[in-house]
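Colleague: I would like to go through the charged side chains here. Can you take me through them one at a time?

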Amino acid sequence: MALSGMLCCAGGLLFISNILYFMSVCGITPVNNKIVGGQDTPAGSWPWQASLQESGSHVCGGSLVNKEWVMSAAHCFSSIILGRQNQQGSNPNEVSTTVDEIVLHPAYDGSTHDNDIALLRLSSPVNFTDYIFPICLAASDSVFHKGTESWVTGWGNANEGDPLPPPQTLQEVEVPVVGNTQCDCLNGVGSITDNMLCAGALEGGKDSCQGDSGGPMVVKHNSVWVQSGVVSWGYGCARPNLPGVYTRVSSYQSWINSQISTDQPGFVEFTSSGVDADSSYICPTVDPTDTDSIFDNGQGLFGSLYMLSALFILVFLTI
């Protein structure tokens, strides 16, 4: 993975930049993080990060959104672990729990990757610490213009086909948003829906990769970290002119609130300043997509997990 979120609210009404929102505590991290691009994360940097596990091995990411729910991608599911710093070695701050329920978006389409989002309900609430804390979510009217700087975190491949080396420490990378029109042109016309958000360095070298699926992409709004996307799919990893594709979290505020009836996640409206350069983008005539490598390759394990009564092991990551 060439792949890093802070204050939300305290159980009531909170004003930030003249935006009023209602939520529980979210988005806080004690670490003032300034690292840019494909590096190890300091412990406590991204306390909402989760790890989904299959037979004791990491397969996907996720994010804690309140004391009882984790958000991830619909294509990921197997057994689950959430919230660890290193995939190998000790993690003194992690907490284990189980999952009672997995809710896949009812309109998820595995062939188009549309609506690639899911919610996991924990068997019991977790206690927040400096290393375990929920992220704020992008509200329905949020706008992310081309160039919006964003952070992505995960334990996925360090490069295409190259696993993260031991001790497999959580990685972070800063990537700019790529407008949907340009992203649709680059990934293949008709491939990008309004429920998707793209990001990546067009020169290549910075991106999410296999194993990062389901993890969060976040942006900073004043002192608040807000999750804008869920790692979903892409052609290869960090290839020039092939940005990664993310589930657009702001498209799902109503659905998320319909599933989480109490202690609802904190939603923050993020609006990019200026004019969106993507609105005037015109597609080139050449289709650059000539590969079938995607992030969820080998991870489409969700089918058997429709058995919502099954229990899954969880560990909150000490990041």
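Modeller: This is a predicted model. To begin, the side chains of Arg121 and Glu101 meet in a salt bridge, with an N to O distance of 3.0 Å.

Colleague: How many residues apart in sequence are the parts that this pair ties together?

Modeller: Arg121 belongs to strand β8 and Glu101 to strand β7. The pair therefore ties together parts whose separation in sequence is 20 residues.

Colleague: Is Glu101 buried or partly exposed?

Modeller: Buried would require under 20% relative accessible area. Glu101 has 23% relative accessibility, so Glu101 counts as partly exposed.

Colleague: How many salt bridges does the structure hold, and which residue does Arg239 pair with?

Modeller: The structure holds two salt bridges. In one of them, at 2.4 Å from N to O, the side chain of Arg239 meets that of Glu160. Arg239 lies in the loop between β14 and β15, and its partner in the loop between β10 and β11, so the pair ties together parts 79 residues apart in sequence. The partner of Arg239 is Glu160.

Colleague: Why does Asp114 have no salt bridge?

Modeller: Asp114 is buried, in the loop between β7 and β8. A salt bridge needs the nitrogen and the carboxyl oxygen within 4 Å.

Colleague: Which side chain makes a polar contact with the side chain of Asp114?

Modeller: Asp114 touches several residues beyond four places away in sequence, among them Tyr108, Thr193 and Asn195. The polar contact, at 3.2 Å, is with the side chain of Asn195.

Definitions and conventions:
Residues numbered from 1 in each chain as written. Predicted model: local features only at pLDDT ≥ 70, side-chain atom pairs only at ≥ 80, totals over all residues. Heavy atoms only, no water. Helix = DSSP H or I, 4+ residues; strand = E, 2+ residues; numbered from the N terminus. Buried < 20%, exposed > 50% of the residue type's maximum accessible area, 1.4 Å probe, protein only. Lys, Arg positive; Asp, Glu negative; His and termini not counted. Polar contact = N/O pair within 3.5 Å; in protein donor to acceptor, adjacent residues only side chain to side chain. Contact = heavy atoms within 4.5 Å.
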